[in-house]
Amino acid sequence: LHSYGFWRPKSLLDTARFTLSFNGWLRKKHQDSRALWKHEAVQKYLETLSKEYQQSNRLLNDDSKNDFEQRTLRRRRADLSLVATAFQEIKETEREVQELEAMCRELDSRDEKQLLELALEEKETLDKKINMLCRKLFQLLVPKEKYDKSPVILEVTAGRTTGGDICQQFAKEMFEMYQNYADYKCWTFDVLNYTPAEIGGLHHAAAHISGDDVYRHLKYEGGTHRVQRIPETGLSSRMQRIHTGTMSVIVLPQPDEVDVKVDPKDLRIDTFRAKGAGGQHVNKTDSAVRIVHLPTGLVVECQQERSQQKNKEIALRMLRAKLYQQIIEKQLSQEQSARKLQLGTRAQSERIRTYNFTQDRVTDHRISYDARNIKEVLSGKEELDKLINRLLEFAEMEALTEYLENLQSVEGGGC
């Protein structure tokens with residue numbers, strides 16, 4: 001099968017046999033999937049994949065292939081199927097656009113204004129379709145991260161500032177935003193820990209979120225979120241100015257089976273009375289559990305269940321997820337170390353987004369993107385989903401261009 005080119009690593013891009021000659025052009029254009037589509041080298045590469053897909057179909061009809069060869073061909077055809085289909089659909093749509101453009105020129109020369117307007121509207125619709133198909137095509141080509149489909153443990157923690165309770169209030173709003181977003185995406189949102197502040201805010205909270213592609217959508221939310229606002233209450237008139245506060249978000253992917261051995265001798269387990277809403281047991285029983293992992297200093301808490309044993313089980317699961325995260329972070333740092341540009345380290349100390357209430361604007365600093373309605377973003381629905389998808393598109397195009405540039409250097413070195 002070597003002669004047919006079917007032995008390849010996981011990614012469709014890893015051993016592509018084409019030479020890229022754009023020398024940084026991709027990096028300047030990586031936000032624009034339509035511009036990337038039009039480049040000659042990308043077109044040649046996609047033509048190669050399309051021909052290989054057609055060849056695999058022909059070879060599968062060859063009765064001389066044994067069972068192993070047949071299975072290999074079927075897997076390769078399945079890998080190429082969606083890419084080849086999207087490629088052909090874009091080509092066909094482009095031919096329709098060309099026909100409409102010729103029609104528009106003819107109508108314009110005959111001064112047929114009404115028909116010309118209809119033709120231009122149709123062309124605009126087809127252009128939008130091509131842009132959508134290009135994004136879909138390049139999403140198929142981008143190598144998927146190992147944990148994209150995993151559920152997550154999401155933690156929010158209020159920062160510390162001289163502004164008083166602004167951080168705690170902001171942390172509460174952010175936790176509710178992610179809860180609403182989970183509901184919007186039809187995910188399951190299970191609160192694991194919730195430590196309210198004295199004046200209506202939130203010190204810390206954690207939740208387990210499961211559903212379709214949860215980590216893929218939330219993985220870039222980790223980091224420091226900043227708020228700029230004028231507090232509505234609790235300050236004298238001379239203090240009615242813009243205050244700045246922060247809160248941090250941690251997103252931990254949690255594969256279905258987290259197999260991390262924890263020695264009971266390495267644990268210190270404390271029990272205490274839970275705080276906040278939850279019924280009479282909150283203030284009368286030591287149902288809440290805090291576990292300290294002595295070798296690493298990691299601390300987890302759970303107080304949501306009435307049963308101390310259930311809280312202990314949940315806390316142990318959270319601890320294993322955090323220990324597993326250390327392994328994941330090493331892998332992620334190794335994968336990202338070769339990146340020339342990154343969306344971010346996802347570290348807790350990195351300021352990634354600002355919520356400016358006085359200007360009614362949310363700014364994501366990594367992609368220079370502004371959303372103009374803070375309340376709509378904090379509702380956790382369409383506007384937040386739009387922001388997150390914009391971030392994902394940027395990240396995927398960045399990953400794709402990085403792969404293509406790496407392929408250029410490999411081909412240039414004769415590997």
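The dialogue below walks through several features of this predicted model.

Trainee: Which residues touch the most other members of the largest nonpolar core?

Mentor: A nonpolar core is a set of buried residues joined through their side-chain atoms. Here the largest nonpolar core has 64 residues, and those that touch the most other members are Leu 154, Ile 209, Leu 218 and Tyr 355. Helix H6, which runs over residues 166-184, supplies the largest share of this core, with 10 residues.

Trainee: With which residues is Tyr 355 in contact, leaving aside its neighbours within four places in sequence?

Mentor: Once those neighbours are left aside, the contacts of Tyr 355 include Phe 170, Met 174 and Met 177, and also His 225, Arg 226, Val 227 and Gln 228. Further along the chain, Arg 361, Val 362, Ile 374, Val 377 and Leu 378 are in contact with Tyr 355 as well.

Trainee: Which residues is Leu 107 in contact with, apart from its neighbours within four places in sequence?

Mentor: Leu 107 belongs to helix H4 (residues 67-109), and it counts as buried because its relative accessible area is 6%, where buried means under 20%. Apart from those neighbours, Leu 107 is in contact with Glu 112, Leu 115, Leu 116 and Ala 119. The C-alpha atoms of Leu 107 and Ala 119 are separated by 9.0 Å, although the two residues are 12 residues apart along the chain.

Trainee: Is His 204 buried or exposed?

Mentor: His 204, in strand S3 (residues 202-210), counts as buried, because its relative accessibility is 19% and the cut-off for buried is under 20%. The side chains of His 204 and Asn 193 are joined by a polar contact of 3.1 Å. Beyond its neighbours within four places in sequence, the residues in contact with His 204 include Glu 155, Val 156, Thr 157 and Tyr 194.

Trainee: How many disulfides does the structure hold?

Mentor: A disulfide is a covalent bond between the sulfur atoms of two cysteines. This structure holds zero disulfides. Cys 302 is buried, with a relative accessible area of 0%, whereas Cys 186 counts as exposed at 69% relative accessibility. Cys 186 is located in the loop between H6 and strand S2 (188-196), and it has a positive phi of about 60° although it is not a glycine.

Trainee: Where is Ser 368, and what is its phi?

Mentor: Ser 368 is placed in the loop between strand S10 (361-364) and strand S11 (369-371), and its phi is near 55°, a positive value in a residue other than glycine. Ser 368 is exposed, with a relative accessible area of 66%.

Terms used
Residues numbered from 1 in each chain as written. Predicted model: local features only at pLDDT ≥ 70, side-chain atom pairs only at ≥ 80, totals over all residues. Heavy atoms only, no water. Core = buried A, V, L, I, M, F, W, Y, C linked by side-chain atoms within 4.5 Å. Buried < 20%, exposed > 50% of the residue type's maximum accessible area, 1.4 Å probe, protein only. Helix = DSSP H or I, 4+ residues; strand = E, 2+ residues; numbered from the N terminus. Contact = heavy atoms within 4.5 Å. Polar contact = N/O pair within 3.5 Å; in protein donor to acceptor, adjacent residues only side chain to side chain. Disulfide = S-S within 2.5 Å.
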